[in-house]
Amino acid sequence: MFYNDIIKKLMQDKKNPVNSMYLHEINLKWSIFEKLTEDITTLKNVEIVNAINNFVSAIRNKKYQYNSSTKNGFKPDSLLFSEVYLHDLISVLVERNKIINNQGISWGLQSFSTNLKFNPQNLGVMDKDLRFEQEISEKLLCLTQKLDFQFRIKGKRNFHKYEIIFPLIIFFTFKNLDETDFIKSNHIAQKAKATFERSKSIIITETINQEFIPDVGSSSVDALYILRRQSSNKVLNPISTEVVDMLDNKITDFLTENEWIGTEFIKKGFLLQ
């Protein structure tokens, strides 16, 4: 559980007894969600959403907010008030898919391979060392496929072995999405598709800036879901079960799609939406 890790880390700081008490209260509230997700095979999305909504409502209690007079409570930028609980919601949706049991599949906060290339010192020494290079992305919430990649120069016996991590689905989560967040997510999605053309990127945000209308269609982002169906300057709606259902279906679609068009439409002579 991603959010539970945050609570445990904050609990290690025993300097403020009131905050320690608050953290134990928050941990008890979060444990309701954890208990619910012990058996995800029969868990319904409406149950997940209700549990998350109840928890978010509970931690928005004013007593948990920082009080400059008493020095109790937690500041607005504390991870307690971040969107990390959405990582746990997404985990339930991903882990219900059979793909999670496939060999080499990895799920969680992790990096993937980028900028794969052979970069020999010069063309005249390619037979000695092709110098395969790759970079590693920042850690993101993603589903990846790990491959052992080995090669050798034709005519030689010794193999060079590397691990390549292909991004399958990347999830970007926000409490509120603005243009800067979208541009950064799109840039990472572009890098992922450069590594693996079939990779997918999904933005999941609770709200969105009122002035911002993202152009998803011309970006490398494959889908965007606004969980509360609202902009950021309003009283918060609860997270919508219908939106989570759509997200759930999209994840399944991405993991089970059978036909990949790619650039094959040029050979076929047609392209359908």
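**Figure 1. Lysine over a tyrosine ring.** A charge sits over a ring if NZ of Lys or CZ of Arg is within 6 Å of the ring centre and within 35 degrees of the ring normal. In this predicted model, K75 and Y66 make such a contact. The charged end of K75 lies 5.3 Å from the centre of the Y66 ring.

**Figure 2. The tilted pair Y3 and W30.** Aromatic pairs in the model number 16. In one of them, the ring centres of Y3 and W30 are 4.9 Å apart. Their planes meet at 50°, so the pair is tilted. Y3 belongs to helix α1, residues 2-11. W30 belongs to helix α2, residues 17-36. The pair therefore ties together parts that are 27 residues apart in sequence. Y3 has 0% relative accessibility and counts as buried. W30, at 0% relative accessibility, is buried too.

**Figure 3. The tilted pair F149 and F151.** Here the ring centres of F149 and F151 lie 5.7 Å apart. The planes are at 35°, so this pair is tilted. F149 is partly exposed, with 27% relative accessibility. F151 is buried, with 11%. The cut-off for buried is under 20% relative accessible area.

**Figure 4. An aromatic cluster around Y3 and W30.** Five residues are shown: Y3, W30, F33, F55 and Y85. Together they form one aromatic cluster.

Terms used
Residues numbered from 1 in each chain as written. Predicted model: local features only at pLDDT ≥ 70, side-chain atom pairs only at ≥ 80, totals over all residues. Heavy atoms only, no water. Phe/Tyr/Trp six-rings, centres within 6.5 Å; stacked < 30°, edge-to-face > 60°. Helix = DSSP H or I, 4+ residues; strand = E, 2+ residues; numbered from the N terminus. Buried < 20%, exposed > 50% of the residue type's maximum accessible area, 1.4 Å probe, protein only.
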